[in-house]
Amino acid sequence: MRVLGIETSCDETGVAIYATDGGLLAHALYSQIELHARYGGVVPELASRDHIRKLLPLIQEVIDEAGVETNALDGVAYTAGPGLVGALLVGALTGRCLAWSWGVPAIAVHHMEGHLLAPMLEPDPPGFPFIALLVSGGHCLLVEVEGIGRYRVLGESIDDAVGEAFDKTAKLLGLPYPGGPALAQLARQGNPERFTFPRPMTDRPGLDFSFSGLKTFALNTWRESSQDDQDRADIARAFEEAVADTMAIKCRRAVRQTGNRQLVIAGGVGANQRLRERLGDLMQAEGGHIFYPRPEFCTDNGAMIAYAGHQRLQAGQSAPLSVSVTPRWSLEDLDPVENA
Ligand code: KG4
Ligand code: ZN
């Protein structure tokens, strides 16, 4: 079975083809970063319009790269949520219409399910069950994964998502959008001894997160500093260290609470090197294993949607002809895939 995957939930147009035999045949990504950079964040209406411009050419590019005819495609998967409603509609309508015109089934994919299954595209994937730490611009979740569609949310952020906290902290330090990678790069030059930021919500039981206080702490530290380049780098370092340490504390709790020693890290912030090191050390100490997608599949992409859709289509699931998107959508509301 060959499945075309389409991702348009935010500011990246991603397209890929995943096949039962052969795995990932082709993938392509167009990022709207330049379009939104001058506004310091994603402008939803501009995002939708740009997806309209880029999606069909990108689909053509991926079909050409995979060397398949359209009649060799057996299904279409599109991200139906969570995300920006206009952006989602572009991918959902295009995907649904293409599937209808090709006479194949379509499937609506949950964006975060895409992220959490992304490590399955790597040579040494985890087996079920595992724990997933999903860290993106819109979400911060710890999930117990029994199988595809069988998810239990163990903890989540009660305010900002972790990527959002990276982006806002980067912005207050005067770094360009999107701030996460820029802050991470700057943190390498920072002195880890200079500032110690709080580890939010680690002094009480539970697996929820909170990041808005950390952002305020960074703001106050910045205001009280002389605001030179070294201050900027030292604050970036302290912020990154506090996030990585907080994640490690919560993941250790989740591992011990569930007795599950396989940890998946996925979502854009999963590309963060310091977080990977810190969680890698943790899992080694716990006698467990850690799994990541390659960095380009940590951030939004079409490959993870093609893969998730492929698993669901292969199990006989499909979306009706009417098109709907779900901008707010809990992972716990998904249909399970039997035997997965
Ligand atoms: O998964 P993603 O591409 O989009 C959403 O689903 O939200 O995640 C984007 C987020 C942004 O907040 C971005 O700043 C952050 O991931 N990010 C990083 C890094 N690379 C991307 N944050 C910290 N360090 C990085 N290396
Ligand atoms: Zn994402």
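A: A polar contact is a pair of N or O atoms within 3.5 Å; within protein, one must be able to donate a hydrogen and the other to accept it, and residues adjacent in sequence count only if both atoms are side-chain atoms. The model is predicted, with pLDDT of at least 70 required for local features and 80 or more for side-chain atom pairs, while totals for chains, interfaces and linings use all residues, and side-chain values use heavy atoms without hydrogens or water. Residues are numbered from 1 along each chain as its sequence is written, with chains lettered from A and ligands numbered from 1 in the order written.

Q: Which side chain does that of Ser 9 join in a polar contact?
A: The partner is His 111, at 3.3 Å.

Q: And where does Ser 9 sit?
A: Ser 9 belongs to the loop between β1 (2-7) and β2 (12-19); strands (E, at least two residues) and helices (H or I, at least four) are DSSP runs numbered from the N terminus.

Q: Buried or exposed?
A: Ser 9 is buried, its relative accessible area being 2% (buried is under 20%, exposed over 50%, partly exposed in between, with a 1.4 Å probe and protein chains only).

Q: What does Ser 9 touch?
A: Beyond residues up to four places away in sequence, Ser 9 touches Thr 79, Pro 82, Gly 83, Leu 84, Ala 87, Leu 88, His 111 and Asp 300; contact means heavy atoms within 4.5 Å. By contrast, 38 Å separates the C-alpha atoms of Ser 9 and Glu 224, which are 215 residues apart along the chain.

Q: Changing topic: how many salt bridges are there?
A: The count is 19, a salt bridge being a side-chain nitrogen of Lys or Arg within 4 Å of a carboxyl oxygen of Asp or Glu.

Q: What does Asp 231 pair with?
A: Asp 231 pairs with Arg 194, with the closest N and O atoms 2.7 Å apart. Asp 231 is in helix α8 (residues 229-258) and Arg 194 in the loop between α6 (179-187) and α7 (212-224), so this bridge ties together parts 37 residues apart in sequence. Asp 231 is buried at 3% relative accessible area, whereas Arg 194 is partly exposed at 37%.

Q: Which residue forms a salt bridge with Asp 234?
A: That residue is Arg 194, and the closest N and O atoms are 2.6 Å apart. This pair also links distant parts of the chain, with Asp 234 in helix α8 and Arg 194 in the α6-α7 loop, 40 residues apart. Asp 234 is buried, at 2% relative accessibility.

Q: What about Arg 278?
A: Arg 278 bridges to Asp 245, the closest N and O atoms lying 2.3 Å apart. The two residues, 33 apart, link helix α9 (Arg 278) with helix α8 (Asp 245). Arg 278 is partly exposed at 21%, and Asp 245 is buried at 15%.

Q: Which residues form a network of salt bridges?
A: Asp 160, Glu 164, Lys 168 and Lys 215 are joined into one network through shared partners.

Q: What does the Arg 276 side chain reach, then?
A: Arg 276, in helix α9 (residues 273-285), reaches the backbone oxygen of Pro 293 at 3.1 Å. Leaving aside neighbours within four places in sequence, contacts of Arg 276 include Ala 271, Tyr 292, Arg 294, Pro 295 and Cys 298.
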